[in-house]
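Q: I am new to this structure and would like a close look at a single part of it, taken slowly. Please start with the backbone of one loop and lead on from there.

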Amino acid sequence: MPTKMLQIPTADGEADAFAAFPDDGQRHPGVLMYADGFGVRPVLREMARELAGHGYYVLVPNFFYRHGPAPVVELPGHIGEEARTAVMGRLMPLIEAHTIERTLRDADAYLSFLTSQPEAGAGPVAVIGYCIGGLLAVRTAAAHPGQVTAVAGFHAPVGAAGPDSLRRLTAQAHFGHAETDLTREALGELNQALDAAGVDYTSEIYPDTVHGFTMADTDAFNPAALRLHWDHLLPLLGRTLANC
């Protein structure tokens with residue numbers, strides 16, 4: 001599976017990024033993948049490669065690029081609970097500095113870059129994300145309703161996007177939540193907001209999960225939940241990007 005390290009021009013500098021795509025000389029539908037709070041690292045690259053193997057051009061930008069290339073802080077090979085606390089202590093100021101304004105400026109640059117790549121189609125795209133990346137995905141989709149036809153977030157604070165963003169969503173959506181991230185009551189409230197906004201969506205709590213369940217380099221990893229993530233994500237992309 002071909003991969004590339006890239007530099008994406010943005011209004012605030014250049015964002016380093018990783019891309020994976022099929023090796024067949026064809027153009028493929030584009031998918032913008034936002035990492036979780038730990039950022040771009042081997043496990044994200046492997047997930048991008050797996051998704052690319054299903055016929056997509058997958059772009060994974062380092063949204064912390066203003067603070068340096070990925071990884072912006074030193075990460076252990078396995079992020080256990082003790083390491084997680086220390087790493088998140090260093091990353092949280094970066095996450096808090098990533099304002100809505102920065103998110104939207106960057107999203108414009110990422111999508112323009114993605115659709116201009118010779119291996120990617122110029123048509124509609126999908127945006128997916130994990131943890132904080134899921135929030136970035138929702139905000140990106142809401143800001144580009146004519147371009148983003150699918151959005152997905154996993155163990156992500158989707159509700160933090162706010163009702164205004166949800167009302168602007170025209171993309172089909174799937175949200176897979178961790179049991180530790182929200183209660184059944186909170187899920188009902190989120191889904192009511194999605195219903196009120198007229199979003200075409202599925203939104204559910206994945207069984208026996210904690211925050212971060214898709215990430216194989218953490219203690220939160222749940223292989224069954226990762227499979228369920230693919231079982232939802234791949235049909236979503238197939239429905240929305242089939243003719244792109």
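A: In this predicted model, histidine 155 is found in the loop between strand 6 (148-154) and helix 5. Its phi is positive, about 40°, although histidine 155 is not a glycine. Most residues other than glycine have a negative phi, and most peptide bonds are trans. Histidine 155 has a relative accessibility of 1%, and because buried means under 20%, it counts as buried.

A second residue other than glycine with a positive phi is aspartate 208, where the angle is near 60°. Aspartate 208 belongs to the loop between strand 8 and helix 7 (223-241), but with a relative accessible area of 62% this residue is exposed. The backbone also holds a cis peptide bond, which joins alanine 70 and proline 71 with an omega of about -5°; proline 71 lies in the loop between strand 4 and helix 2 (81-97).

An α-helix has 3.6 residues a turn, so residues three or four places apart point the same way. After helix 6 comes glycine 198, with a positive phi near 75°.

Elsewhere, aromatic rings pair up, and the count comes to 7 aromatic pairs. In one of them, phenylalanine 21 and tyrosine 57 have ring centres 5.3 Å apart and planes at 10°, so the pair is stacked. Phenylalanine 21 sits in the loop between strand 2 (13-20) and strand 3 (28-34) and tyrosine 57 in strand 4 (residues 57-61), so this pair ties together parts that are 36 residues apart in sequence. Phenylalanine 21 counts as buried at 7% relative accessibility, and tyrosine 57 is buried at 0%. Tyr34, Phe63, Phe64 and Tyr110 form one aromatic cluster.

Methods
Residues numbered from 1 in each chain as written. Predicted model: local features only at pLDDT ≥ 70, side-chain atom pairs only at ≥ 80, totals over all residues. Heavy atoms only, no water. Phe/Tyr/Trp six-rings, centres within 6.5 Å; stacked < 30°, edge-to-face > 60°. Helix = DSSP H or I, 4+ residues; strand = E, 2+ residues; numbered from the N terminus. Buried < 20%, exposed > 50% of the residue type's maximum accessible area, 1.4 Å probe, protein only.
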